[in-house]
Amino acid sequence: MNQHTRFNLPICLAVEEDAFFRSDEIIGRYIPKIIGQKAIVISEEFLIGIYKDKITDISRDFGGAEIYAMGSASFDEAVAIAKKVCIEDIKVIIGIGGGRVLDTAKYAAHISKAVYICMPTSLSNDSLASPFAVLETEGSARKTIECKIPTAIIVDTNMIINAPETQTLSGIGDTIAKHTALYDWKLSAARTGSQVDDFAYALSRMSYDSVYHCDEQNMKSRVFIRILSRALVMGGLAMEIAGSSRPCSGSEHLFAHAIEEYYPEIKISHGLAVALGTIPACIFQGQDPSGILAFFANHGLVIDPKAYGITADMFADMWEKARTVRAGRITVLDDVKHDRVQLDEIYARMTEGK
């Protein structure tokens, strides 16, 4: 069997101004059969407060859909939503929010086999179209679980323009990380004798190129938002086609996971943690990080670990832990010895931003 017979693609990717006010019209254009079916809108309490008009309007567009404020981005919450969806014969789940909401709604739709419409309020990472959900399990532990990608993705450019800038920077960080992730994927394939899926590789590389080489530098411009939305979706599709997260996740992601798992007190978004990880990952791989450093500086993405409360000792420990957070995932970290002198040099270089 050709492995390309088993992947799903979203039926709709709409990136439009005021798209949230016309969601029924957009869905009607692409998937008319679900209009009129019972739906539920999943979001978070504070977002329902901030975007009351838009969320109420979407609920009205989908036949007075119930607006459900989820408690946590946890496995238990996703299962509880799926149970409700099955019992109440709900056919459509609409997730409105950031990564936490979208992952919970996506997994709930996967379990309950409901149609899932993804409506991000920010572009903070590539989970909006990925075949994975990151959910809390016990305490602060989180697990990445496979699931189905969205049936439709609707991006309202006005929402993204008004989202906090750090969230857009986080999405940029997750996109630029593909540079080191792809290197690690090839390295792992050579080591294990497995195949790199050329189409997934090309999609992930295009995702990176479209943002890295984008002439439009203004993150609030509709052109940039359209490019970043598509780049994040391409990353998600690359993972779907590859059947793994390898096209988008390498040693730089292991560094981010080490922060999440061992340093929960460090308040840094996933995309920004990954951006910090790309600089050392580049150096370990023997690639020159100066282009990426200049790119981050241009966009105002801070890669000074000190700015996030990460000391030189913590930084070195995070890279030591990064080797062990995902057993069996081969990256350049398997080839480089833990060298405190080199890590201190990298740390100093990153604090200076050049």
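A pocket is an open set of grid points with protein on both sides within 12 Å along at least five of seven lines. In this predicted model, the second largest pocket holds about 200 Å³ of space.

The lining of the second largest pocket consists of 14 residues, and those closest to the pocket centre are Ala-114, Tyr-116, Lys-148, Ile-149 and Thr-151. Helix 5 and strand 5 (115–120) each contribute at least two lining residues. The largest share comes from helix 5, with three residues.

Helix 5 also takes part in a helix pair. The axes of helix 4 (residues 75–87) and helix 5 (residues 99–112) come within 8 Å and cross at roughly 45 degrees. Helix 4 is therefore oblique to helix 5. The crossing of these two helices is right-handed.

On the side of helix 4, the contact is made by Phe-75, Glu-77, Ala-78, Val-79, Ile-81, Ala-82, Val-85 and Cys-86. On the side of helix 5, the residues in contact are Thr-104, Tyr-107, Ala-108, Ile-111 and Ser-112.

Among the residues of the helix contact, Glu-77 of helix 4 belongs to the charged class, because Asp, Glu, Lys and Arg count as charged.

Terms used: Residues numbered from 1 in each chain as written. Predicted model: local features only at pLDDT ≥ 70, side-chain atom pairs only at ≥ 80, totals over all residues. Heavy atoms only, no water. Axes fitted to C-alpha atoms, helices over the stretch in contact; angles between N-to-C directions. Helix = DSSP H or I, 4+ residues; strand = E, 2+ residues; numbered from the N terminus. Parallel < 35°, antiparallel > 145°, perpendicular 65-115°, else oblique. Left-handed = near helix turned anticlockwise from the far one by under 90°. Contact = heavy atoms within 4.5 Å. 1 Å grid on protein atoms, 1.4 Å probe; cavity = no way out; pocket = protein on both sides within 12 Å on 5 of 7 lines; lining within 4 Å. Points joined across faces, edges and corners; volume = space filled by probe spheres on them.
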